[in-house]
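Subject: Structure for you to look at

Hello,

Here is the structure I said I would pass on.

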Amino acid sequence: MKLIRLLAVIPCLALLFAPLIANRVEPRVFGLPFLLFWIMLWIVLSSCIMLIIHKFERKSLHE
Amino acid sequence: MNSAIIILCAITIFAFWVAVAANYGKTRQLEGWAVGNRNFGTILVFILMGGELYTTFTFLGGSSLAYNEGGACYYILCYSPIAFVFGYWLTPAIWKYAKEHNLVSQADFFIHKYDSKVLGLIVSVIGFLSLIPYLILQIKGLGIIVSETSYGLISSNSAIWVCSLVMVVYVMISGMHGSVRVAVIKDILILSTVFFLGIYLPVHYYGGIETMINTLELDRPGFIIVNNTDFNPVWFVSTVLLSAIGLYMWPHGFAALYTARSSQVLKKNAAVMPLYQFLLMFVFIIGFVAVLKLPGLDKAQSDLVLLKLVKQTFNPWIVGVIGAAGVLTALVPGSIILLSLATLLVRNILSPFISLSSKKELLLVRLCVPVIMLAALIAYNYGGQTIVGLLIIGYGLVSQLFPALVCSFLKYNPVNKYGTIAGMLSGTMFMLVFILTPLKINSMMPTSLTGVSGGILALTVNIIVMFIVSIIFKNRSSLS
């Protein structure tokens with residue numbers, strides 16, 4: 001149960017170190033430079049991950 | 001007079017009226033005035049928090065950084081989602097503790113946790129110092145918008161004085177309830193403006209975002225990613241980290257957390273907030289459009305880039321609407337900051353020394369509002385910082401509160417009040433030296449760390465001192 005919270009670490013690292021991991025113009029996605037796409041992708045994913053964690057926490061609260 | 005400035009004035013006066021009407025018949029207690037009676041729901045808290053996080057800085061500072069430094073501007077996208085992950089666990093804990101102990105201000109929190117009034121005073125002073133550049137940034141933005149929208153009719157300096165006066169009157173009349181309603185108007189205006197500009201401008205000048213980026217990449221290869229200039233990857237990572245740490249530390253952000261109805265509201269907010277970031281991407285695109293279409297602005301002028309581009313492209317009346325959106329994005333957060341500064345000064349910095357009835361306290365808070373504004377205006381005349389530079393200074397100061405806050409939630413708190421006091425003081429002193437001395441601390445750093453944010457260095461000093469002093473004084477506190 002607690003393990004699922006560790007998921008939250010992934011978007012943090014992906015965003016914090018973005019210019020070290022994905023500092024490239026190519027490949028372009030939706031016309032955006034890859035670095036910008038990478039960052040936008042992880043912003044959306046971080047929101048999804050936090051909603052999943054929120055769901056799990058509420059479920060365990062009701063049990 | 002031109003139509004742009006008339007439209008701008010009309011919308012500002014309308015917002016003003018809404019704010020005054022909202023206050024009619026509301027409670028006059030300080031708690032009601034400052035924390036909105038603690039009963040706002042999900043959507044209102046979401047808007048209110050958005051209203052604070054997305055300010056003039058987003059609008060003018062974001063496009064200016066994109067124009068000056070290219071890909072380095074993405075840092076603004078990265079830090080808040082990280083902060084929201086912290087916030088998911090941190091904010092409900094803060095809210096719960098604040099509710100149990102009936103806290104009003106941020107300093108109350110530290111006073112209760114560490115049982116030290118001195119620490120509370122230091123927290124208040126740090127909060128106060130860090131909010132000043134944040135307030136100056138909003139005033140600077142207001143001045144730029146009004147003087148640009150007037151097509152040179154009003155000079156930037158007189159615009160700043162008029163706007164400061166408007167902000168002071170607005171805060172003194174309305175308090176927190178006023179800003180919520182205006183925040184709604186403001187967010188709708190700014191959202192539609194930025195989406196419109198971010199899509200229209202690249203299509204108008206280049207035929208689309210993709211072509212624009214192709215052209216930019218041909219002309220200045222690598223500009224749209226993080227380069228090896230002063231704003232290199234080390235600068236990027238350290239500034240993202242600093243800002244993520246500082247985001248929830250702002251005294252007014254803390255106060256906004258107290259207004260939530262339940263901790264579930266805060267959890268859901270923290271999960272959804274990152275989606276607000278899409279707005280920012282369009283701000284950067286506006287800055288990128290200007291790189292080739294409005295070349296040659298120097299750093300001091302670069303904060304004007306969005307408005308100059310808008311003026312070059314549109315009719316005066318559209319310039320007026322966009323200007324009004326900009327005025328509200330400065331006025332709403334600016335008034336919240338001003339309100340926090342005044343409450344901080346009276347409740348937490350002055351009140352240990354003088355005792356007041358709650359009625360007199362509220363009166364004194366209102367009287368402090370113009371005094372603080374005047375102080376900020378004087379400070380403004382000394383600094384030549386860009387909007388982004390001002391914000392990073394504020395973050396460097398305010399993040400000094402973070403180590404003590406996190407430690408206070410641990411099951412066995414490894415640090416005590418002596419350590420936190422010493423740590424905060426040394427970190428803040430380091431940061432002030434970093435700002436005020438022309439000597440670049442960076443020049444003394446190893447080359448692999450060039451560009452590292454001063455705030456992160458100050459935070460390192462803070463943490464080391466905090467632990468060392470806590471260990472030294474550990475036995476003393478148990479003896480006494």
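This is a predicted model: local features need pLDDT of at least 70, side-chain atom pairs count only at pLDDT 80 or more; totals for chains, interfaces and linings use all residues.

Confidence in chain A

The mean pLDDT of chain A is 82, and 94% of the residues in that chain reach 70 or more. Among the elements of chain A, α1(A) has the highest confidence, at a mean of 86, and α2(A) the lowest, at 82.

Chain B overall

Chain B is built with 21 helices and zero strands. It has 480 residues, and 56% of them count as buried. Of the contacts in chain B with a separation of 6 or more, 85% are between residues 24 or more positions apart.

Where the chains touch

The interface involves 24 residues of chain A, which are in contact with 29 residues of chain B. On the chain A side, the elements that give two or more residues are α1 (9-16), α2 (18-21) and α3 (34-62). The largest share, ten residues, comes from α3(A). By type, the chain A side divides into 18 nonpolar residues, five polar and one charged.

Two packed helices are described by the angle between their axes and the distance between the axes. The pairs below are given in those terms.

The contact between α7(B) and α15(B) has 20 nonpolar residues, twelve polar and no charged.

Next come α4 (residues 56-69) and α13 (residues 278-293) of chain B, with axes 7 Å apart and an angle of about 50°. That angle makes α4(B) oblique to α13(B). The crossing of these two, α4(B) and α13(B), is right-handed. On α4(B), the residues making the contact are B:Thr58, B:Phe59, B:Gly62, B:Ser63, B:Ser64, B:Ala66 and B:Tyr67. Those on α13(B) include B:Leu280, B:Val283, B:Phe284 and B:Gly287. The residues of this contact, α4(B) with α13(B), divide into ten nonpolar, five polar and no charged.

The last pair is α10 (residues 233-246) and α17 (residues 387-398) of chain B, where the axes come within 9 Å and cross at roughly 60°. That makes α10(B) oblique to α17(B). Here α10(B) passes α17(B) in a left-handed crossing. From α10(B) the contact takes B:Thr239, B:Leu242, B:Ser243 and B:Gly246, and from α17(B) it takes B:Ile392, B:Tyr395, B:Gly396 and B:Val398. The contact of α10(B) with α17(B) is made up of four nonpolar residues, four polar and no charged.

One residue in chain B

B:Ile111 lies in helix α6 (residues 106-114) of chain B. Is B:Ile111 buried or exposed? B:Ile111 has 22 C-beta neighbours inside 10 Å, so it counts as buried; the cut-off for buried is 20 or more. Leaving aside neighbours within four places in sequence, B:Ile111 is in contact with B:Ser116, B:Lys117, B:Leu119 and B:Gly120. B:Val226 is 115 residues from B:Ile111 in sequence, and the two are 42 Å apart in space, C-alpha to C-alpha.

Regards

Terms used:
Residues are numbered from 1 along each chain as its sequence is written. Chains are lettered from A and ligands numbered from 1 in the order in which they are written. Helices (H or I, at least four residues) and strands (E, at least two) are DSSP runs, numbered from the N terminus. A residue is buried if 20 or more other C-beta atoms lie within 10 Å of its own, exposed if 12 or fewer, and partly exposed in between; C-beta atoms are placed from the backbone. Two residues are in contact if their C-beta atoms, placed from the backbone, lie within 7 Å. Ala, Val, Leu, Ile, Met, Phe, Trp, Tyr, Cys and Pro count as nonpolar, Asp, Glu, Lys and Arg as charged, and the others, Gly among them, as polar. Axes are lines fitted to C-alpha atoms, for helices over the stretch in contact, and angles run from 0 to 180 degrees between N-to-C directions. Angles under 35 degrees count as roughly parallel, over 145 as roughly antiparallel, 65 to 115 as roughly perpendicular and the rest as oblique. A crossing is left-handed if the near helix is turned anticlockwise from the far one by less than a right angle, and right-handed if clockwise. pLDDT is the predictor's confidence in each residue, from 0 to 100.
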